[in-house]
Amino acid sequence: GMFGSARVAFTCVLIMTIAPNINAGYCYLIDSNAACAVCWQTTYTSSTDLKGVRGMAECPAGVVAKWTDPIPFSMRAMETYDAGYSLQLDTTKFDTQSRQGVNDIPHANIHSCIKSQGACTPFVDDSPGLATHTAALVGNFSIMGVATFKSKVQLTEEKYTIIAHMRFFTNPAADSLPQTQWDVAIGVSRTVGDSILKVGANSWASTAVAGGGLLLFL
(Lines give C-alpha, C1' and ligand atoms only; values in the text may rest on other atoms or scores of the structure.)
Protein backbone atom coordinates (compact mmCIF):
# COMPACT_ATOMS: atom_id res chain seq x y z
CA GLY A 1 0.00 0.00 0.00
CA MET A 2 0.90 3.65 0.25
CA PHE A 3 2.73 3.23 3.56
CA GLY A 4 4.67 0.24 2.24
CA SER A 5 5.83 2.27 -0.77
CA ALA A 6 6.80 5.11 1.54
CA ARG A 7 8.88 2.76 3.69
CA VAL A 8 10.66 1.39 0.61
CA ALA A 9 11.36 4.92 -0.64
CA PHE A 10 12.64 5.98 2.80
CA THR A 11 14.88 2.91 2.99
CA CYS A 12 16.35 3.68 -0.45
CA VAL A 13 17.03 7.28 0.54
CA LEU A 14 18.59 6.12 3.82
CA ILE A 15 20.89 3.65 2.03
CA MET A 16 21.92 6.32 -0.47
CA THR A 17 22.66 8.70 2.40
CA ILE A 18 24.71 6.19 4.39
CA ALA A 19 26.45 4.42 1.51
CA PRO A 20 29.10 7.08 0.83
CA ASN A 21 30.31 6.72 4.43
CA ILE A 22 30.61 2.93 4.32
CA ASN A 23 33.84 3.07 2.30
CA ALA A 24 35.06 6.37 3.76
CA GLY A 25 38.50 4.90 4.36
CA TYR A 26 41.37 3.07 2.77
CA CYS A 27 43.64 0.13 3.49
CA TYR A 28 43.84 -0.70 7.23
CA LEU A 29 41.02 1.76 7.97
CA ILE A 30 38.54 -0.65 6.36
CA ASP A 31 40.55 -3.90 6.33
CA SER A 32 42.93 -4.63 9.18
CA ASN A 33 44.74 -7.19 7.01
CA ALA A 34 45.41 -4.76 4.14
CA ALA A 35 49.08 -4.36 3.24
CA CYS A 36 48.70 -0.99 1.51
CA ALA A 37 49.43 2.33 3.21
CA VAL A 38 47.25 5.40 3.68
CA CYS A 39 48.59 8.86 2.82
CA TRP A 40 47.34 12.17 4.20
CA GLN A 41 48.57 15.09 2.10
CA THR A 42 48.41 18.61 3.55
CA THR A 43 48.81 21.50 1.12
CA TYR A 44 48.79 25.23 1.79
CA THR A 45 47.22 28.08 -0.16
CA SER A 46 49.46 30.93 0.98
CA SER A 47 52.56 31.70 3.01
CA THR A 48 50.36 32.70 5.94
CA ASP A 49 48.17 29.58 5.78
CA LEU A 50 48.89 27.71 9.01
CA LYS A 51 46.14 25.10 8.79
CA GLY A 52 46.28 23.87 5.20
CA VAL A 53 43.95 21.52 3.36
CA ARG A 54 44.28 17.83 4.14
CA GLY A 55 43.27 15.01 1.81
CA MET A 56 43.37 11.26 2.41
CA ALA A 57 43.78 8.34 -0.02
CA GLU A 58 45.68 5.13 -0.57
CA CYS A 59 49.31 6.12 -1.08
CA PRO A 60 50.23 6.75 -4.71
CA ALA A 61 52.82 4.75 -6.63
CA GLY A 62 56.25 5.71 -5.40
CA VAL A 63 55.31 5.86 -1.70
CA VAL A 64 55.67 2.44 -0.05
CA ALA A 65 55.42 1.78 3.68
CA LYS A 66 56.14 -1.68 5.10
CA TRP A 67 56.52 -3.59 8.34
CA THR A 68 60.13 -4.84 8.30
CA ASP A 69 59.77 -6.48 11.73
CA PRO A 70 56.03 -7.00 12.21
CA ILE A 71 54.43 -6.84 15.62
CA PRO A 72 53.68 -10.46 16.66
CA PHE A 73 50.11 -11.63 16.32
CA SER A 74 50.08 -12.96 19.89
CA MET A 75 50.77 -10.23 22.47
CA ARG A 76 50.70 -10.11 26.27
CA ALA A 77 50.01 -7.09 28.45
CA MET A 78 53.08 -5.13 29.58
CA GLU A 79 55.44 -7.25 27.49
CA THR A 80 57.80 -5.25 25.26
CA TYR A 81 57.83 -6.01 21.53
CA ASP A 82 60.05 -4.72 18.73
CA ALA A 83 58.31 -3.16 15.76
CA GLY A 84 60.31 -2.44 12.62
CA TYR A 85 58.91 -0.35 9.76
CA SER A 86 60.17 1.49 6.69
CA LEU A 87 59.26 4.09 4.12
CA GLN A 88 60.50 3.92 0.54
CA LEU A 89 60.14 6.94 -1.70
CA ASP A 90 60.67 7.28 -5.43
CA THR A 91 62.66 10.52 -5.39
CA THR A 92 62.28 10.89 -9.15
CA LYS A 93 58.55 11.44 -8.57
CA PHE A 94 58.67 13.21 -5.21
CA ASP A 95 60.93 16.20 -4.70
CA THR A 96 61.65 15.87 -1.00
CA GLN A 97 63.04 18.71 1.00
CA SER A 98 64.43 18.70 4.51
CA ARG A 99 63.47 21.62 6.66
CA GLN A 100 66.46 23.54 7.93
CA GLY A 101 68.08 21.55 10.73
CA VAL A 102 65.55 18.73 10.38
CA ASN A 103 65.89 15.23 8.88
CA ASP A 104 64.15 13.99 5.71
CA ILE A 105 61.66 12.30 8.02
CA PRO A 106 61.22 14.54 11.09
CA HIS A 107 58.68 12.23 12.73
CA ALA A 108 58.20 8.46 12.85
CA ASN A 109 56.60 6.36 15.56
CA ILE A 110 53.98 3.77 16.50
CA HIS A 111 50.44 4.72 17.51
CA SER A 112 48.33 2.13 19.34
CA CYS A 113 44.65 3.08 19.42
CA ILE A 114 42.00 1.27 21.42
CA LYS A 115 39.81 -0.23 18.73
CA SER A 116 36.48 0.57 20.36
CA GLN A 117 37.31 4.30 20.37
CA GLY A 118 37.22 4.73 16.60
CA ALA A 119 39.60 5.03 13.65
CA CYS A 120 43.33 5.20 14.30
CA THR A 121 45.08 7.92 12.32
CA PRO A 122 48.37 9.83 12.71
CA PHE A 123 46.39 12.70 14.22
CA VAL A 124 44.90 10.86 17.21
CA ASP A 125 46.41 12.35 20.37
CA ASP A 126 48.44 10.36 22.86
CA SER A 127 45.79 10.12 25.56
CA PRO A 128 45.02 7.51 28.28
CA GLY A 129 41.98 5.46 27.34
CA LEU A 130 42.28 6.46 23.68
CA ALA A 131 45.77 5.88 22.25
CA THR A 132 49.43 5.57 23.17
CA HIS A 133 52.42 6.72 21.13
CA THR A 134 56.00 5.48 21.17
CA ALA A 135 58.82 8.01 21.27
CA ALA A 136 59.12 10.01 18.05
CA LEU A 137 62.11 9.14 15.85
CA VAL A 138 63.80 10.98 12.98
CA GLY A 139 65.54 9.60 9.90
CA ASN A 140 66.89 10.17 6.42
CA PHE A 141 66.33 8.47 3.10
CA SER A 142 69.20 6.34 1.89
CA ILE A 143 70.60 6.68 -1.62
CA MET A 144 67.95 4.09 -2.58
CA GLY A 145 65.21 6.25 -1.09
CA VAL A 146 64.58 4.03 1.96
CA ALA A 147 64.31 5.02 5.64
CA THR A 148 63.95 2.37 8.34
CA PHE A 149 62.86 2.64 11.96
CA LYS A 150 62.45 0.44 15.01
CA SER A 151 60.29 1.14 18.05
CA LYS A 152 59.44 -0.77 21.22
CA VAL A 153 55.76 -1.33 21.92
CA GLN A 154 54.29 -2.10 25.35
CA LEU A 155 50.52 -2.14 25.87
CA THR A 156 47.85 -2.94 28.42
CA GLU A 157 45.22 -5.64 27.91
CA GLU A 158 42.87 -4.42 25.16
CA LYS A 159 41.98 -4.67 21.46
CA TYR A 160 44.04 -2.26 19.36
CA THR A 161 44.62 -0.87 15.92
CA ILE A 162 48.38 -0.32 15.73
CA ILE A 163 49.86 1.93 13.06
CA ALA A 164 53.35 2.89 11.96
CA HIS A 165 53.34 6.61 11.16
CA MET A 166 56.01 8.39 9.12
CA ARG A 167 56.04 12.02 7.95
CA PHE A 168 57.98 13.74 5.19
CA PHE A 169 57.76 16.95 3.17
CA THR A 170 57.93 17.76 -0.54
CA ASN A 171 58.51 21.01 -2.37
CA PRO A 172 55.32 23.04 -2.92
CA ALA A 173 53.84 24.03 -6.26
CA ALA A 174 55.19 27.57 -5.77
CA ASP A 175 58.28 28.72 -3.87
CA SER A 176 56.20 31.16 -1.83
CA LEU A 177 54.09 28.37 -0.30
CA PRO A 178 54.92 26.20 2.71
CA GLN A 179 56.14 22.68 2.01
CA THR A 180 53.55 19.96 1.37
CA GLN A 181 53.26 17.63 4.36
CA TRP A 182 52.83 13.89 3.85
CA ASP A 183 51.71 11.59 6.67
CA VAL A 184 51.96 7.89 5.84
CA ALA A 185 50.55 5.03 7.91
CA ILE A 186 50.24 1.26 7.74
CA GLY A 187 48.22 -0.63 10.31
CA VAL A 188 47.39 -3.97 11.90
CA SER A 189 44.81 -5.18 14.37
CA ARG A 190 45.99 -6.87 17.57
CA THR A 191 44.40 -8.20 20.75
CA VAL A 192 46.67 -7.90 23.78
CA GLY A 193 45.94 -10.67 26.29
CA ASP A 194 46.63 -11.12 30.00
CA SER A 195 50.15 -10.56 31.23
CA ILE A 196 52.39 -13.59 31.73
CA LEU A 197 52.38 -12.98 35.49
CA LYS A 198 48.58 -12.92 35.63
CA VAL A 199 48.27 -16.04 33.50
CA GLY A 200 50.90 -17.77 35.64
CA ALA A 201 49.15 -16.82 38.86
CA ASN A 202 45.78 -18.08 37.60
CA SER A 203 47.34 -21.34 36.41
CA TRP A 204 49.04 -21.84 39.80
CA ALA A 205 45.78 -21.18 41.63
CA SER A 206 43.92 -23.68 39.42
CA THR A 207 46.62 -26.28 39.99
CA ALA A 208 46.49 -25.71 43.73
CA VAL A 209 42.71 -26.13 43.81
CA ALA A 210 42.90 -29.23 41.68
CA GLY A 211 45.65 -30.63 43.88
CA GLY A 212 43.66 -29.90 47.02
CA GLY A 213 40.64 -31.65 45.56
CA LEU A 214 42.80 -34.64 44.72
CA LEU A 215 44.08 -34.82 48.28
CA LEU A 216 40.55 -34.69 49.67
CA PHE A 217 39.48 -37.59 47.49
CA LEU A 218 42.51 -39.59 48.60
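Me: How do E3 and strand E5 pair, and over how many bridges?
Reply: In this predicted model, E3 and strand E5 (residues 80-89) pair in the antiparallel sense over six bridges. Two strands count as paired if DSSP finds at least two bridges between them. Strands are DSSP runs of E with at least two residues, helices are runs of H or I with at least four, and both are numbered from the N terminus.

Me: Which residue stands opposite Gly84 in E5?
Reply: Asp69 stands opposite Gly84. Residues are numbered from 1 along each chain as its sequence is written.

Me: What is the order of the strands in that sheet?
Reply: The order is E3-E5-E9, in an open sheet of three strands with antiparallel pairing. The edge strands are E3 (63-69) and E9 (146-154), each of which pairs on one side only.

Me: And what holds strands of a sheet together in pairs?
Reply: Strands of a sheet pair through backbone hydrogen bonds, either parallel or antiparallel.

Me: New topic: how many helices and strands does the protein have?
Reply: The protein has two helices and eleven strands. Along the sequence, the pattern is α-β-β-β-β-β-β-β-β-β-β-β-α.

Me: What share of the residues is buried?
Reply: Of the 218 residues, 36% count as buried, meaning under 20% relative accessible area with a 1.4 Å probe, protein chains only (exposed is over 50%, partly exposed in between). Because the model is predicted, local features need pLDDT of at least 70 and side-chain atom pairs count only at pLDDT 80 or more, while totals for chains, interfaces and linings use all residues.

Notes:
Heavy atoms only, no water.
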